[in-house]
Amino acid sequence: MDYIDEKIHPINGITVHTVKTDQFKTLTLVLQMRAPLKRDTVTKRALLAYVLKSATAKSPSTKALQNRLDDLYGTTLSSQVQKRGNDHLISLFVHTANDRFLSGTSSLTEESIRLLAETLFQPHATDGAFDEKTVNKEKRTLRKRIEATFDDKMLYANERLIDEMCKDEPYALHAYGYTEDIDSLTPKALYDYFQQALKEDEIDLYIVGDIDRDHILSIIERVFPFQGRSRLVHDFLFEPVHVTAPKVVKERQDVEQGKLNLGYRTNIVANDPLFYAAQVFNGLFGGFPHSKLFMNVREKASLAYYAASRYDSYKGIIIVMSGIECANYEKAVAIIKEQFQSLQDGAFTVTELDQTKALLKNAVLEALDNPFSLIEQLYRKVLIKDSGDLTAWLNGIEKVTPDEVKQVAGMTALDTIYFLQGQED
């Protein structure tokens with residue numbers, strides 16, 4: 001069964017993905033710029049994502065750009081940065097109504113594509129430098145975004161765990177960069193890096209909606225004028241890390257609820273034969289409400305306000321996240337380890353296995369109901385250089401055996417325990 005009608009078109013040195021569907025009455029455009037995670041570029045790329053969506057040469061202020069978007073039937077333009085394994089992504093999003101469902105207009109699709117192209121080829125810049133006022137405004141925005149991480153203790157604990165667990169690895173770099181780098185970024189230096197990124201990044205453009213492919217592609221060929229750009233493809237790189245002994249890191253702050261996070265290495269990534277089994281293992285461990293962590297740590301033992309796990313298939317790690325009374329640290333660590341050991345021992349039922357598979361498949365199918373989640377699913381294939389489709393993924397989950405789950409558990413090792421506790425504990 002073909003769940004997704006995706007066609008791939010190399011155009012002007014980038015890769016265009018058209019996804020034709022009558023499921024949405026909107027048109028969604030997502031441009032992905034992919035480069036390796038590097039300490040000297042993460043802050044530049046994060047600031048660049050803010051600057052590009054803030055203003056253009058034709059709309060040289062945030063207010064002017066927003067007024068223009070409002071006139072385009074409430075079209076939205078946004079951006080974000082993410083890390084996926086050892087890659088750093090800049091994403092630009094345009095979301096608009098579909099011409100087919102509007103009366104009296106037939107140019108909204110082209111105007112939206114032109115707007116996205118404008119952010120790249122007609123930014124608010126003069127004489128080889130971004131507009132200084134725009135850059136300074138977005139520097140303040142980025143600084144606030146980075147500093148807000150400290151106030152969100154759940155997010156902070158997760159980031160600190162990765163800092164300690166993946167020290168000296170690219171994955172430890174923060175996706176939004178570092179406050180100490182912001183002041184040194186001049187409008188010219190940022191613009192120079194932007195020109196470099198346009199030449200060196202792997203660029204993919206997704207268009208999702210009830211579209212006329214030929215019409216869409218003809219517009220893209222006209223308005224994305226990359227000159228002499230070769231189509232770049234970055235490899236999916238992964239280096240396994242073998243654990244000798246778990247690290248324990250404790251930090252004190254003025255918090256009432258302790259944050260206990262544990263990092264495990266599976267060394268199983270998205271193109272590994274055991275990838276599907278790793279998904280199921282994480283679901284049994286802490287991915288769903290019927291999981292070991294939720295049922296035994298949170299519900300039965302009442303040791304955690306929340307307890308869950310997340311599997312990062314680009315990095316081959318599993319992160320356990322929990323919020324506990326600080327005095328319960330030893331008990332919580334012990335019972336989390338017990339749940340992990342129980343999976344290594346194969347202490348799960350066929351019913352639990354089947355329920356986990358069903359929830360995993362349902363989560364992916366539900367993602368197809370949102371155009372942005374749909375694109376995220378498709379872009380995964382680009383990141384890991386995989387040609388498999390959704391049907392192969394669903395079949396792969398269904399075929400996972402109890403022995404494969406035990407094999408994943410046996411390969412997984414505790415790397416780091418991070419505990420954020422109160423000042424007086």
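Predicted model: local features only at pLDDT ≥ 70, side-chain atom pairs only at ≥ 80, totals over all residues.
Trainee: What is the relative orientation of helix α3 and helix α8?

Mentor: Helix α3 covers residues 108-121 and helix α8 covers residues 213-223, and their axes lie 10 Å apart. The two helices pack at an angle of about 30°. Angles under 35 degrees count as roughly parallel. The angle therefore makes α3, relative to α8, roughly parallel.

Trainee: Which handedness does the crossing of α3 and α8 have?

Mentor: The crossing belongs to two helices that pack with their axes 10 Å apart. Its handedness is right-handed.

Trainee: How many nonpolar residues take part in the contact of α3 with α8?

Mentor: On the α3 side, the contact involves Thr109, Glu110, Ile113, Arg114, Ala117 and Phe121. These meet Ile216, Ile219, Ile220, Arg222 and Val223 in α8. The contact residues include 1 polar and 3 charged, and the nonpolar ones number 7.

Trainee: How many charged residues are in the lining of the largest cavity?

Mentor: The structure holds 1 cavity of 30 Å³ or more, and the largest cavity contains about 30 Å³ of space. Its lining is formed by Val51, Ala55, Pro123, His124, Phe130, Asp131 and Thr134. By class, this lining has 4 nonpolar and 2 polar residues, and the number of charged residues is 1.

Trainee: Which element gives the largest share of the lining of the largest pocket?

Mentor: The largest pocket, with a volume of about 1,300 Å³, is lined by 39 residues. At least two lining residues come from each of β4 (76-84), α4 (132-151), α5 (153-165), α9 (275-287), β11 (306-312), α12 (350-367) and α13 (371-384). The largest share is 6 residues, and it comes from α5.

Trainee: Which residues lie nearest the centre of the largest pocket?

Mentor: The lining of this pocket divides into 19 nonpolar, 10 polar and 10 charged residues. Those nearest the centre of the largest pocket are Arg84, Arg310, Tyr311, Asp312 and Tyr314.

Trainee: Which element gives the largest share of the lining of the second largest pocket?

Mentor: The second largest pocket has a volume of about 430 Å³. Among its 28 lining residues, Leu378, Lys381, Gly388, Asp389 and Leu390 lie nearest the centre. At least two lining residues are supplied by each of β1 (6-11), α9, α13 and α14 (390-398). The largest share, 5 residues, comes from α13.

Trainee: How many charged residues are in the lining of the second largest pocket?

Mentor: The second largest pocket is lined by 28 residues. Of these, 14 are nonpolar and 5 are polar, and the charged residues number 9.

Key. Residues numbered from 1 in each chain as written. Heavy atoms only, no water. Axes fitted to C-alpha atoms, helices over the stretch in contact; angles between N-to-C directions. Helix = DSSP H or I, 4+ residues; strand = E, 2+ residues; numbered from the N terminus. Parallel < 35°, antiparallel > 145°, perpendicular 65-115°, else oblique. Left-handed = near helix turned anticlockwise from the far one by under 90°. Contact = heavy atoms within 4.5 Å. Nonpolar A, V, L, I, M, F, W, Y, C, P; charged D, E, K, R; others polar. 1 Å grid on protein atoms, 1.4 Å probe; cavity = no way out; pocket = protein on both sides within 12 Å on 5 of 7 lines; lining within 4 Å. Points joined across faces, edges and corners; volume = space filled by probe spheres on them.
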